[in-house]
Structure formats: C-alpha cells, structure tokens
Amino acid sequence: MIWNPSKECMSRDEMHALQGRRLQKLVSYVYHNVPFYRNKMQQMDIAPDDIRSIDDIVKLPFTTKQDLRDNYPYGLQAAPQSEIVRVHASSGTTGNPTIVGYTRKDIAVWQEAMARALTAYGVKREDTFSVSYGYGLFTGGLGVHYGVENIGATVIPTSTGNTEKHVRLLRDLKITGIACTPSYALYLAETLEKMGLGKDDISLRVGAFGAEPWTENMRKEIEERLGLKGYNIYGLSEIVGPGVSYECCKQNGSHICEDHYYPEIINPETLEQLPYGQQGELVFTTLTKEGMPVLRYRTKDLCTLMDGECECGRKTVRMGRIMGRSDDMLIIRGINVFPSQVESVILEMPEIEPQYMLVVDRINNLDTLQIQVEVRRDFFSGDMGSMLAMKKRLSDKIKSVLSIGAEIKLMEPGSIERSQGKSKHVIDKRSL
Ligand code: DLL
C-alpha cells in the first residue's frame, strides 16, 4: 500500500513544478522573517524574485550546523514563538545543542512523512507497534509515535532501557512492529535468547531501524533472530527527525519525502551540485517548514541519490545507504557524539593533559565508549582515593555533555600515542 499516492507517485514534471512553487514561497518567507537568511542573500546579491524554479536552488546559500549553533537558541526560527507547539534538540559539536521548533503544521507534515514510511513497511491499523527510540529531546521517540497514531495502529511507547520488560511486553501484547536503532534490535534479540525465548515466542513481523549506520549483514542477523523484516528509516533533527526517507518493499534505496524535504548531493570540497549516482554530501531544503525552515542544510552524511521509477510504484527520488560522514561525528548507541565535545570537557579540567583518545567498540551488540586521558604529572599520585574522585568528576561531566556514559581510563602522562600528522582522537573498532 502507498499512503499518499498523489505525492509519492507524482510524475517527475509535476513534482518539479510543485517543488519550484514551494521553494519560491519558502525563500520569500525566510527572507522576510529570518535576518540571517536575508543578510546571507543580500551578501550574495540574490532576491526572492531570482528564484523561479527548483533549479534555481543552486543560487541559494548553504546552512551548516555551525550556523545553527551561532544562532542559538531561536535565531533561525521563522515563525513567532506563539506558533511553536514543540521543540526538539540535537547535540552540537561543542557547547550548545541545536534547537528546532515545530509549528502545528510542521508536526502534521512530520506525521504524514512517518505515515508514508510505516505504510511502505506494511504497517496497518491492526498492528501493535513498539516505539523503542528515546522519547524526549531526541526526535526518534515522539516522531515515530505520532506516525503510528496517524495510521491508526496501536502505539506502545516503550522508549529505551529495561529490555527484559520490553521482551515480556513483546510476548504478552503480541507486538507486531518495532522501531529502534539496529544495534538495540540486536541487543533485544540477545536478551530474548538469554531469557530462554526465541523468535517463535513473539509476533514481530516488521522493524523500522535507523538513527545510525547499519549494514546488510546486520539486517540479515536482526531479521533472522527476531523473525521480522527490517526496513531502513532515515532522518535528522535539523530537517524534521525520522521520516525524511524510508525503504519500500523493494529495499533498493530509501524514498525521500521530496515534496517536503528537497535533496541535493554536493561535492563537500567544492560545494558544487553533483549528478544523481555520484557519491557526495547530502543537502536538504525544507520546502514546507514554518517553525525553523532551513535552506540547503549540509547534513555531512555521504551517500548517492538515485532517480528512476521504483518497482514499488513510487516515483520519488531515493537515497542510498549512508556511507560515512564528511565530519568526525560518531553515533554511539544512537546518540551523536563529536570528539570536540570530549575535548571541551578535558580542557576545563586542569588535572588532565589535553590529550585523549576515544575507543569505540561493540560488545554483545552494545556500543561501548572508553575515553583514555592522561593525568598531569603534578596530579598523578598513588593515592587511590584522589584518583577515583578525579575519574568520577570527569565521568560525570562527560555524561552530562554527551548524554551517554563512558568508561574513563586514566593513564600516565605521555602514554597516549602522539601522532606525527593530523592528531587522531578516535579508534572505532566496530565493523560497519
Ligand atoms: O537520528 C533521527 C532519527 C530517529 C532517524 C530515528 C531515524 C530513526 P539526529 O539525532 O539528528 O536524528 O541524527 C541524525 O543520524 O545525519 C545520520 O548521520 C544518522 N542517521 C539517521 N538515520 C540513519 C540511517 C536522528 N537510517 C544523523 N542510516 C544523520 C544511517 C542515519 N545513518
């Protein structure tokens, strides 16, 4: 089934015309409501009237996460505060998170995007669906939740944590669908097996997995151990959250809701637009957003775009798997982590050298993060109590900045390998 055939199966010409009209409206809206965009456009000597079709998008300035941070918290908001009904946030590289406000219409569009995705996965009103992304400032929980309600299926807002209880709910409520990170799906499978149960004791048949990169091998393993069919879901807070794109039954790329979120691929060095089929950085423009619309937002995600009709009948542009990032962001247990966040904490602690290494691994299907730091010689002591107190202080600060816990390893001064060239701060042992 297709949730909205009039948009998802629209001819390419009609789609371009619609995108062009929406872009014109958007550009005029941000020009008049967001000084940041007006200034940028004036500097580039472009006026809203210069935008006549979707192809004119290349004339517009890019927006980066740094721009969002510089305008923290509400500088890029276009709608008056009285129109904002919800706020989500995502981690910044250091310091301030990125704040995204939604109007009632933005929430409705998001629900529509999520309904398209869930319908493409085969979720129906009769399904009972567990939303096991975090609820809160993260967009995963509430984003999927509203989509499930929109199609009329039953939502079980399990959120994250307490996996044994989750397994019992899966079994007792005969839950048929689940949304979570692919690594959590594997952890769930492991918990199920540890509890002496197997896929035949539960009724799961469909999973919506995303928020972090995953591979075809992980898909096979999750499908095998949980007895379901796993689909990709992609999105990012700055654009809306989950639902920007989704796989269909053909699983040959993820269909983008391009009537709302217009995609481009650029060369991250030259910033030139690249043709379909070439790998580059994914860029989105929110064609219909009111709260905090963005022009040409650089996601830093590397992938390709594919056009051409899909055998499922949808005609929207598809994106391939995310092949990496053009910045140093890591995704650990579904949470975005920048090494610079760790650096900012370390620089605040006089007892620690400005040297550190993040060691990321996946043990029993759960991501682990170890942070190795060097204690300054004057502070290094054989007194266990003071060393433990230092470790605890650092660990608490890291937890509050990253929103995930890390194992802290205090090392002797000089023991972290110094690099000759560009300093290396991450060892990622996960094979993705
Ligand atoms: O992760 C939104 C989301 C929630 C998507 C639930 C899917 C499911 P952020 O926290 O802003 O938002 O992180 C966005 O996560 O730029 C990608 O690097 C990565 N990402 C998201 N989905 C996928 C995916 C949410 N399916 C960042 N495959 C994005 C690979 C993904 N990477």
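Start by selecting Tyr-133. This residue is buried, at a relative accessible area of 3%. Buried here means under 20% relative accessible area, exposed means over 50%, and partly exposed lies in between, with a 1.4 Å probe and protein chains only. Keep in mind that this is a predicted model, in which local features need pLDDT of at least 70, side-chain atom pairs count only at pLDDT 80 or more, and totals for chains, interfaces and linings use all residues. Residues are numbered from 1 along each chain as its sequence is written, and side-chain values use heavy atoms, with hydrogens and water left out.

**Aromatic pairs**

Tyr-133 and Phe-138 form an edge-to-face aromatic pair, 6.4 Å centre to centre with 65° between the planes. Rings of Phe, Tyr and Trp (its six-membered ring) pair if their centres lie within 6.5 Å; planes under 30 degrees apart are stacked, over 60 edge-to-face, and the rest tilted. Phe-138 is partly exposed, at 34% relative accessibility.

By this rule the count is seven aromatic pairs. Another one to show is Tyr-121 with Tyr-231: stacked, 4.9 Å centre to centre, 20° between the planes. This pair links distant parts of the chain, 110 residues apart. Tyr-121 sits in the loop between α5 (104-120) and β3 (128-131), and Tyr-231 in strand β7. Helices (H or I, at least four residues) and strands (E, at least two) are DSSP runs, numbered from the N terminus. Both tyrosines, Tyr-121 and Tyr-231, are buried.

**The ligand**

Now select the ligand and its shell. How many residues surround the ligand? There are 21, and the closest are Ala-211, Asn-232, Ile-233, Ser-237 and Asp-301. A residue is near a molecule if one of its heavy atoms lies within 4 Å of it.

Zoom in on the polar atoms.
- Asp-301: a polar side-chain atom lies 2.6 Å from a ligand oxygen atom.
- Asn-336: a polar side-chain atom lies 3.1 Å from a ligand oxygen atom.
- Glu-212: a backbone N or O atom lies 3.3 Å from a ligand nitrogen atom.

The protein covers 96% of the 600 Å² of accessible area that the ligand has on its own. Accessible areas come from the Shrake-Rupley method with a 1.4 Å probe; for residues, only the protein chains shown count as cover.

Colour α6 (139-151) and β7 (229-236): these are the elements that give two or more residues to the shell. The largest share, five residues, comes from β7.

**His-166**

Move to helix α7 (residues 163-172), where His-166 is placed. His-166 counts as buried, at 2% relative accessibility. Its side chain makes a polar contact with the side chain of Ser-130, at 2.9 Å. A polar contact is a pair of N or O atoms within 3.5 Å; within protein, one must be able to donate a hydrogen and the other to accept it, and residues adjacent in sequence count only if both atoms are side-chain atoms.

**Gly-241**

Select Gly-241 in strand β8 (residues 241-247). Gly-241 is buried, with a relative accessible area of 0%. Leaving aside neighbours within four places in sequence, its contacts (heavy atoms within 4.5 Å) include Trp-110, Thr-139 and Tyr-234.

**Backbone stops**

Next, show the peptide bond from Tyr-72 to Pro-73. This bond is cis, with omega near -5°. Pro-73 is in the loop between α4 (65-70) and β1 (84-90).

Finish with two residues. Lys-300, in strand β12 (residues 297-303), has phi near 70°, a positive value in a residue other than glycine. Asn-365, in the loop between β18 (352-363) and β19 (366-375), also has a positive phi, about 70°.
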